[in-house]
Amino acid sequence: MAAAMASQGERAVLEEEFKWLLQEEVHAVLRQLQDILKEASHRFALPTSGSGGAFKQENFVLSTSGTDQVKGVMTLQGDALCQADVNLKMPRNNQLLHFAFREDKQWKLQQIQDARNHVNQAIYLLMNRDVNYQFKTGLEVLKLMDAVMLQLSRARNRLTTPATLTLPEIASSGLTKMFTPALPPDILVNFYINLNKLCLTVYQLHVLQPSTTKNFKPAGGSVLHNPGAMFEFGSQRYEVSHVHKVECVVPWLNDALVFFTVSLQLCQQLKDKISVFSSYWNYRPY
């Protein structure tokens, strides 16, 4: 009898603790997550003061230590490259080529736009309830955390996992038509985000003649293609002869990735606390 009463007492204490968790701690964590993710969202939208919310322009110098084959100055405005100046030293004759974006062109960085959309969706999930709403079950909280974590994981993955493209896809992208003077046919360029870095890859090509003895094997999709990669575009076959990658750190992207990590940890910690109650007693909070 005494053991049964003790068991009932322990269960009552657990139920009270779990009730406090649902009514108090869950809401405190949700407020903390909202604050962190709003900060993350602000990093993606960098308005200049007094300009009606227009994104400020930031200049970045892209280079690689130990080589001056490629240098670039990029102007980033929100999720768009609005200016780009690229100097390329051709290895064959040390000829210096210069290309810049046409004044009427901007290049959208879809990775940044998608990441920002996922962050805003996570914020919507956290705020999409009445201010006095009370959670009734642990399962309800777990489902919310799973949904928020899904959006945060997608946001992070968009920045950490650049798209894999084939060389014909790069050749046919609108980016090739952005420059003045026009890019020569033996040059391809690609911009992308990798973690907290803005990257520019320049591919120099040479034409494979029909009489070549090389076994033609078109390359598949990749973030970065290596010298020797072959592809066919139009009626011509090409091989990559040189690859140059230059990059620079974008500080606010680094901030955003830190916010994603902290938020995901908070979500997981709350899920773990909910799960502890279900593992210690027969009473099922969800």
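The largest cavity of the predicted model has a volume of about 30 Å³. A cavity is here a set of points, on a 1 Å grid over the protein atoms alone, where a 1.4 Å probe fits but cannot get out; points are joined across faces, edges and corners, and a volume is the space filled by probe spheres set on them. The count comes to one cavity of 30 Å³ or more. Its lining (residues with an atom within 4 Å of a point) consists of Val86, Leu88, Phe99, Phe179, Leu183, Ile187, Val189 and Val202. β3 and β7 are the elements that give two or more residues to this lining, strands being DSSP runs of E of at least two residues and helices runs of H or I of at least four, numbered from the N terminus. By class, the cavity lining has eight nonpolar residues, no polar and no charged; Ala, Val, Leu, Ile, Met, Phe, Trp, Tyr, Cys and Pro count as nonpolar, Asp, Glu, Lys and Arg as charged, and the others, Gly among them, as polar.

The model is predicted, so that local features need pLDDT of at least 70 and side-chain atom pairs count only at pLDDT 80 or more, whereas totals for chains, interfaces and linings use all residues. Residues are numbered from 1 along each chain as its sequence is written, and side-chain values use heavy atoms, with hydrogens and water left out.

Pockets are open sets of points with protein on both sides within 12 Å along at least five of seven lines. The largest pocket has a volume of about 280 Å³. It is lined by 17 residues, of which Gln111, Ala163, Leu165, Phe191 and Tyr192 are the closest to its centre. At least two lining residues each come from β5 (107–108), α2 (110–127) and β7 (187–194), with β7 supplying the largest share, four residues. Eleven residues of this lining are nonpolar, four polar and two charged.

The second largest pocket holds about 210 Å³ of space. Its lining is formed by His27, Leu30, Arg31, Gln34, Leu126, Met127, Arg129, Asp130, Val131 and Tyr133. The lining divides into five nonpolar, two polar and three charged residues.

Gly78 lies in the loop between β2 (67–77) and β3 (80–89). The residue is buried, at a relative accessible area of 6% (buried is under 20%, exposed over 50%, partly exposed in between; 1.4 Å probe, protein chains only). A distance of 8.2 Å separates the C-alpha atoms of Gly78 and Ile112, which are 34 residues apart along the chain.
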